[in-house]
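Here is a short briefing for a first look at a structure with several chains. Keep the 3D view open while you read.

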Amino acid sequence: MNSRDKILSNIRQSLTSSQKNLSSSDERKQAVRRRIGSHPRGIIPDLSSKHKLLTLFQEKVEASEASYSKVKSYVDAAAEIQQYLRQHNLPQRIRMGKDKRFKKLKWGKGDSPQIQTGPSDGKDFVCLSHAQGGICETGTLVLTSGPDNPTSLNFLPETHIILVNKKDLQENYEDSWKALRRGFGRGKLSRTVNMITGPSRSADIEQTLILGAHGPLRLHVIVVDEAK
Amino acid sequence: MKISSPEFKNNACNALDDNQLQGALRHVRKNFVKKRADARRDLPEFDALRDSARAIKDHTLAHLDLYLEHYEKKVIESGGKVHWATNAAEARGIIMDICRKSNARTVTKGKSMITEEISLNEFLEANEIQPVETDLGEYIIQLRGENPSHIIAPAVHLNMDQIRDEFRKAHTHLPAERSMDEPETLLREARQILRDKFLSADVGITGANFLVAETGSSLIVTNEGNGDLTQIIPRIHVVVASIEKIVPTLEDMAQITRVLARSATGQETTVYSTLSTGPKRKTDEDGPEEYHVVLLDNGRSSMLGTEFSEMLRCIRCGACMNHCPVYQAIGGHAYGWVYPGPMGSVLTPTLIGIDKAGHLPNASTFCGRCEAVCPMHIPLPKMMRFWREREFEQHLSAPSHRRNLTLWAWFAKHPSLYRFVTSIGMRILAIWGGSAKRINWLPMAGGWTKFRVLPAPEGPTFIRQYQRAKRNAR
Amino acid sequence: MSKRNNDSDSTEVALFVTCLVDLFRPTVGFAALKLLEDAGCSVHVPVEQTCCGQPAWNAGDRKDTREIAEQVIKIFEEFEYIVAPSGSCAGMLKVHYPELFHNIPEWRERAENFASKVHELTSFLTDVLGVKKVDAKLNSKVAYHDSCAGLRELNISRQPRELLESVEGITQQELNDSETCCGFGGMFAVKYSDISNSIVSEKAENIKNAEPDLLLAGDLGCLMNMAGKLKRQGSKIEVRHVAEVLAGMCDGKPIAGE
């Protein structure tokens with residue numbers, strides 16, 4: 001017997017010997033199929049007493065030590081990004097993926113930042129990504145891998161800027177899974193789904209919280225209030 | 001990993017005498033406990049979520065074979081490979097094969113207790129592959145040649161001076177006179193050094209907090225981002241996970257992650273929660289070309305259905321050790337193997353044997369706080385007691401202790417003799433205690449009187465006095 | 001015949017004295033008697049009682065534990081209520097006995113029926129008898145330590161504090177880390193005495209920082225441990241069982257002396 005069969009048969013044996021009335025194998029299989037098919041939601045934190053969702057999202061993003069801003073359009077987003085770079089004395093050089101929403105960014109004439117595309121080589125100061133969603137419950141950005149938004153951009157730069165469209169904000173994780181299933185199909189996901197809440201940090205030295213461990217030191221979140 | 005659990009008592013005494021360690025443990029007592037309490041207070045649904053999380057794990061464990069099969073199918077569909085390992089040696093062999101096939105020289109590692117359980121680092125080193133721990137805490141203890149002393153805060157036993165010394169010793173290419181007075185400086189230095197390792201590693205190995213059957217994904221939750229760099233930069237990503245990590249769906253995963261970080265660090269969520277599903281896709285520009293999952297049993301399938309079954313609900317948050325008075329006093333190393341604290345006191349004997357780990361389930365006051373804070377409602381004291389029973393049945397407990405217990409139990413079962421003997425005994429102790437009402441030293445109770453006085457009995461026993469009063473009243 | 005509601009309408013209670021109270025601190029037993037009688041109970045003290053069996057239970061000796069438990073159940077099950085001045089022993093009777101017999105059909109129901117009648121003293125007074133006030137006076141600043149078994153197995157923390165509040169002249173001071181164990185743990189204190197010492201030392205620091213005149217708790221084991229440490233350190237803080245204060249029986253010497 002190979003290891004796979006050994007483990008599985010040992011599990012079955014343990015379950016059968018301990019549960020006198022273990023349901024029939026068909027019933028068990030059905031229970032599993034049903035659960036995966038219907039993926040029931042459990043207890044979901046009630047956010048109704050909180051402020052409206054966007055305010056909650058902002059609150060949670062800021063609580064995660066990220067900075068937050070909201071703009072009316074992608075045109076305005078470009079200006080906000082440039083302003084952010086200037087404010088933090090960062091070079092006007094940005095790496096980003098091929099997300100077509102980036103095409104709507106209108107950089108100011110003359111001082112257009114230098115744009116690089118493709119995955120990060122670890123030497124970037126600033127990377128820009130577009131999130132697929134945002135989770136208001138915890139102020140979390142949901143990013144999916146692909147040429148539009150390569151995953152390395154989420155982790156290698158010192159400063160990470162994430163755009164998220166206001167209409168993609170979800171109340172909770174469960175709503176976010178719903179959106180992912182709509183995007184990728186049932187039971188399928190992009191290679192990587194990153195849920196990001198704030199800049200990287202460590203408390204491994206005397207439990208002192210320090211921002212900027214191996215991932216970005218700074219995270220700037222921009223909510224774009226523009227219907228696509 | 002060398003097992004020093006049989007020397008637990010010695011280890012504990014050394015730990016109690018270690019001033020640096022005692023200083024570091026103060027952080028555990030103060031920070032972790034308060035942060036969890038705050039997080040719990042801020043989420044009214046916390047206890048309902050714990051019940052929900054328990055129900056999910058119980059359901060999953062009752063259908064574990066089927067969920068594993070479904071999970072495997074989904075991993076294969078997404079282009080990944082699943083390897084099954086019944087024990088540690090098999091798991092190491094599988095990982096070695098993967099490394100050999102790709103001519104790997106260096107391996108970056110995300111923080112993973114399961115790779116500690118299979119002693120992966122020693123094995124890789126012996127096979128001339130360099131494992132690089134990338135979690136800051138893990139990196140520090142790797143430099144020191146130590147094991148983690150806590151399952152989520154591996155270097156919690158160290159203070160800043162010790163870490164600084166270690167960095168000076170290890171990072172010899174940096175100017176010796178550089179300033180290293182702030183934790184920030186140390187972190188930046190580690191970031192710089194590990195950055196190159198991330199970029200040059202051939203294989204990245206991570207654990208998994210959850211395996212999602214619905215999608216065939218592995219989830220890791222981290223704060224530093226090292227786990228993510230480990231699983232996206234190298235050409236090969238290997239996930240090592242034990243079989244009980246599985247959950248049915250993304251919804252189920254979210255139920256449990258809601259209590260995980262809150263119980264562990266008091267965060268609502270960790271900075272990064274990342275689902276990895278298979279290798280990179282055709283159009284992807286980054287991500288690993290190969291995705292392997294090593295599913296480890298190592299005795300777990302045999303725990304199912306036994307009195308230790310509920311231990312398989314454990315999500316490794318560390319709340320039990322953070323709140324344990326014994327862990328708070330001695331830290332994690334004294335336990336002598338991979339898993340410290342209450343969860344380790346239950347799990348370790350299943351993995352290395354009760355003959356070696358007998359002290360662990362005994363070294364508990366049964367204060368019950370571990371169970372009270374466990375997000376998965378694992379009855380840890382009850383299971384430690386089960387181990388004590390096994391030990392007692394197998395005659396592994398100290399003969400003198402056994403004799404005393406049997407003798408005492410015999411008297412307890414014979415009330416009039418008990419009355420007679422205890423009356424004499426108490427009378428003697430009462431006289432010994434004198435007017436101060438305390439005994440400073442008592443043979444046979446040296447463990448007690450070494451550190452405390454023994455309060456003397458007031459005089460005749462209650463039952464004697466009560467009987468006398470009754471007689472007089474008549 | 002069941003000893004319930006025989007001729008009078010007073011509540012019939014059997015006192016489970018606990019072995020430590022019986023041997024080391026009879027005053028607690030008499031205090032419990034007084035409190036129960038003041039609350040209108042008719043109290044019985046079966047003199048065949050010895051111990052609840054916890055030392056054997058925690059040592060993994062299931063057989064001896066069962067035999068002792070059977071003896072306890074036989075002696076006490078005829079009473080309407082069984083009350084113990086200890087959270088730990090009451091927890092043993094109430095929570096662990098049913099566990100102990102869960103797979104022995106002929107005893108299981110008996111153990112469960114017995115367990116349903118078991119109560120810790122202060123919670124019995126407040127939650128079952130509805131006692132709001134005790135007739136006692138003490139000019140003292142007291143700190144109440146939550147013993148683990150009472151706190152976590154029986155949810156006892158509000159009840160003793162409420163009763164103490166009614167004692168004339170008393171002020172209560174909470175301890176820091178009041179939910180942390182004192183390090184007693186029965187045989188643990190002897191088998192792992194160094195660790196136990198470290199835990200009780202930490203507890204003693206918290207007690208001393210609160211600067212009470214008097215330290216109270218509902219479990220004699222914990223009290224002997226903390227008193228033993230405080231007195232070894234030369235502390236002047238006195239230590240008593242909470243029942244002594246509630247019954248106004250603080251004339252005798254405190255635990256481990258003054």
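Predicted model: local features only at pLDDT ≥ 70, side-chain atom pairs only at ≥ 80, totals over all residues.

Residues are numbered from 1 along each chain as its sequence is written, while chains are lettered from A and ligands numbered from 1 in the order in which they are written.

**Chain B overall**
- Chain B holds 24 helices and twelve strands. Helices (H or I, at least four residues) and strands (E, at least two) are DSSP runs, numbered from the N terminus.
- The C-alpha trace of chain B spans about 95 × 60 × 45 Å along its principal axes.
- Of the 474 residues in chain B, 60% are buried. A residue is buried if 20 or more other C-beta atoms lie within 10 Å of its own, exposed if 12 or fewer, and partly exposed in between, with C-beta atoms placed from the backbone.
- Take the contacts in chain B between residues at least 6 apart in sequence: 74% join residues at least 24 apart. Two residues are in contact if their C-beta atoms, placed from the backbone, lie within 7 Å.

**Domains of chain B**
- Chain B is assigned domain 1 (1–42 + 318–397), domain 2 (54–302) and domain 3 (408–473). These bounds come from an automatic or database domain assignment.
- Between domain 1 and domain 2 of chain B, the C-alpha centres are 24 Å apart.
- Their contact takes 27 residues from domain 1 of chain B and 27 residues from domain 2 of chain B.
- On the domain 1 side of this contact, α2(B) gives the largest share, eleven residues.
- That side has 14 nonpolar, nine polar and four charged residues. Ala, Val, Leu, Ile, Met, Phe, Trp, Tyr, Cys and Pro count as nonpolar, Asp, Glu, Lys and Arg as charged, and the others, Gly among them, as polar.

**A sheet in chain B**
- Six strands of chain B form an open, parallel sheet in the order β1-β10-β7-β4-β2-β3. Two strands pair if DSSP finds at least two bridges between them.
- β1 (81–85) and β3 (130–133) of chain B are at the edges with a single partner strand each, so one side of each has no neighbour in the sheet.
- Within the sheet, β2 (residues 106–109) and β4 (residues 203–206) of chain B run parallel, joined by three bridges. Thr108(B) stands opposite Gly204(B) in β4(B).

**Chain A against chain B**
- The contact takes 62 residues from chain A and 78 residues from chain B.
- α1(A) supplies the largest share of the chain A side, twelve residues.
- By class, the chain A side has 23 nonpolar, 26 polar and 13 charged residues.
- β9(A) pairs with β9 (residues 272–276) of chain B in the antiparallel sense over five bridges. Met195(A) stands opposite Ser273(B) in β9(B).

**Chain C**
- Chain C has 13 helices and eight strands.
- Its radius of gyration is 18 Å, close to the 18 Å that the globule rule gives for 258 residues, so chain C is as compact as a globular protein of that length. The radius is taken over C-alpha atoms, and the rule is 2.2 Å times the number of residues to the power 0.38.
- The C-alpha trace of chain C spans about 50 × 45 × 25 Å along its principal axes.
- Buried residues make up 59% of chain C.
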